[in-house]
Amino acid sequence: MAFINDQFAAALKARVPERFGAALAGAAGGASPGAARQAEVPEPEVAQALAEALQIEYAPTLRDRPASHQFLLTVPIAFARRHAVIALAGEDGVMPVAMADLGAWPQVQALSRRLGRPVRCVLAPREEILRAVNAAYQQQSGQAQRVIEELDRDDVLREVQETAGREDLLDVAGRAPVIKLVNLMLFEAVKRRASDVHVQPYEERLMVRYRVDGVLHDAFEPPQALHPEIISRIKVMGGMNIAERRIAQDGRATAEVGDRVVDLRIATLPTSFGERAVIRLLDKSARLYRLEDVGMPAAVLDQFRRLIRHDHGIVLVTGPTGSGKTTTLYAALQEINSKETNILTLEDPIEYRLEGISQTQVSDKKGMTFAGGLRHVLRQDPDVIMVGEIRDVETAHMAIQSALTGHLVFSTLHTNDAAGAVARILDLGAEPYLLASSLLGVLAQRLVRQVCPACRQEVPVSAADRLRWGAGQNEGVPERVVRGQGCPHCLETGYRDRAGIFELLTVSEPIRELILQRAKASSIKAVAIREGMGTLRAAGIEKVLAGVTTMDEVARVAAKSEF
């Protein structure tokens with residue numbers, strides 16, 4: 001051991017001489033790897049010096065070294081993480097095993113016996129090994145269907161009511177079958193980028209469906225006999241009452257998928273064929289978009305930026321559920337966030353945490369409504385207020401009063417287009433003169449699926465697309481457009497990921513006059529178009545011409561009256 005320490009000291013001295021002399025010269029027990037770590041010598045330097053002393057391979061990165069398939073099938077992720085070890089593929093006979101230090105050698109020997117193969121040690125930085133572990137286990141897919149085929153109903157009745165805190169969806173070894181099935185079901189949903197998981201019972205079957213890029217897809221069919229156990233497991237995860245099956249329930253849970261944290265919003269509903277469950281997935285590690293990243297055309301982006309920099313007034317974002325309204329508002333808040341600005345939000349739910357912004361969760365059960373919360377927020381000396389949604393007359397009145405008293409208010413509405421938001425606010429009971437004085441602008445938006453980059457091809461324009469192109473406005477019809485043919489990369493849909501299309505109505509003097517007259521939404525829209533507003537349909541066609549999406553997608557999400 002003294003010889004190894006001497007060799008290690010020489011290698012470390014060559015790498016970090018200034019740190020070696022100061023920190024290790026007087027170390028009790030010599031210049032060992034442990035002493036080097038206590039002296040805060042960087043972990044990669046320690047590992048590389050130790051590899052030189054032992055004359056074994058050192059791998060600064062494992063990004064191009066795939067993990068052993070046998071290792072992933074045999075070893076639980078908890079073991080790999082705890083001991084910072086991962087077996088690598090690519091050699092016959094001897095299996096390379098990456099480890100962070102010699103302390104994991106007993107576990108590596110146990111691993112050799114478990115896999116029935118001799119091993120060769122490879123030293124690597126601990127952070128790199130943990131990254132490789134998370135990435136390798138996340139690459140596994142298709143396990144849910146295999147688990148379904150192996151399920152035995154008698155085996156699951158005992159353990160399905162086990163409590164669960166924060167579940168790691170990648171750690172399925174040793175779990176009861178239904179627990180394993182639900183974990184894998186959620187893991188595959190995250191892997192497929194699903195926003196929602198539906199567990200839906202029918203008369204003679206049970207179906208699990210994923211909503212990917214706004215569209216539902218059938219995923220797999222568990223045995224119908226296990227329907228009560230699956231629903232019970234989901235309820236346990238959400239802290240719900242598993243004995244109550246006659247009323248709707250809501251719950252929340254947090255799950256881990258490798259190094260990602262996912263919030264689960266769970267809702268159950270009794271139906272004629274038993275309870276169904278919907279799980280909304282919110283990936284907390286997903287990046288927050290900036291305004292320039294949400295896909296607005298340059299002209300719309302400039303106008304919207306001018307609106308959100310007003311001292312006071314109301315800016316509304318409209319569209320159906322899942323159209324990206326909250327994402328756009330979060331991007332706007334980040335744009336104007338500064339040390340000089342006091343920003344508060346009222347949300348239901350809080351989807352992502354924003355640095356430097358005070359966010360409040362609305363809860364009707366606890367008496368914290370949007371209108372009531374807004375009263376309290378106004379006492380916090382805010383400059384900017386974001387109200388998650390204007391749902392009722394009281395919230396509408398409070399938002400308008402807040403804007404008129406010197407605050408900038410952001411909020412959302414569910415309307416078909418930008419002009420429809422004006423009629424909606426008036427229908428809620430707002431006075432036209434107050435709305436005309438406070439409203440700055442309305443942004444309507446939709447999300448269209450983008451053509452899959454892996455299987456995109458140019459095809460001739462179809463007869464149906466020619467008819468759609470000629471509706472409403474007389475744009476020139478191109479000869480060829482881009483369409484996805486379907487591939488495993490996009491789950492055979494021809495689409496992958498989504499992009500926004502936008503319609504921005506800014507409140508000018510003519511539009512204020514129309515608001516005062518309680519004019520129809522169609523009249524307001526006509527004036528806005530004359531003033532230069534681009535419609536959702538026109539924005540969608542621009543995306544088609546740019547090869548981003550298809551006419552089918554634009555027709556699916558835009559107002560039907562425009563086609």
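Q: At what angle do helix 20 and helix 21 pack, and are they roughly parallel or antiparallel to each other?
A: Helix 20 (residues 509-516) and helix 21 (residues 521-530) pack with their axes 10 Å apart, at an angle of about 175 degrees. Axes here are lines fitted to C-alpha atoms over the stretch in contact, with angles running from 0 to 180 degrees between N-to-C directions. Since angles over 145 degrees count as roughly antiparallel, helix 20 and helix 21 are therefore roughly antiparallel.

Q: Which residues of helix 21 make the contact with helix 20?
A: This is a predicted model, in which local features need pLDDT of at least 70 and side-chain atom pairs count only at pLDDT 80 or more. Residues are numbered from 1 along each chain, and side-chain values use heavy atoms, without hydrogens and water. With contact meaning heavy atoms within 4.5 Å, helix 20 contributes Pro510, Ile511 and Leu514, and helix 21 contributes Ser523, Ile524, Val527 and Ala528.

Q: Which element gives the most residues to the lining of the largest cavity?
A: A cavity is a set of points on a 1 Å grid over the protein atoms alone where a 1.4 Å probe fits but cannot get out, and lining residues have an atom within 4 Å of a point. Ile314, Leu316, Ile390, Ala396, Ala399, Ile400, Ile425, Leu435 and Leu439 line the largest cavity, and the elements giving two or more residues to this lining are strand 12 (313-318) and helix 16 (393-404). The element that gives the most, with 3 residues, is helix 16.

Technical notes: 1 Å grid on protein atoms, 1.4 Å probe; cavity = no way out; pocket = protein on both sides within 12 Å on 5 of 7 lines; lining within 4 Å. Helix = DSSP H or I, 4+ residues; strand = E, 2+ residues; numbered from the N terminus. Parallel < 35°, antiparallel > 145°, perpendicular 65-115°, else oblique.
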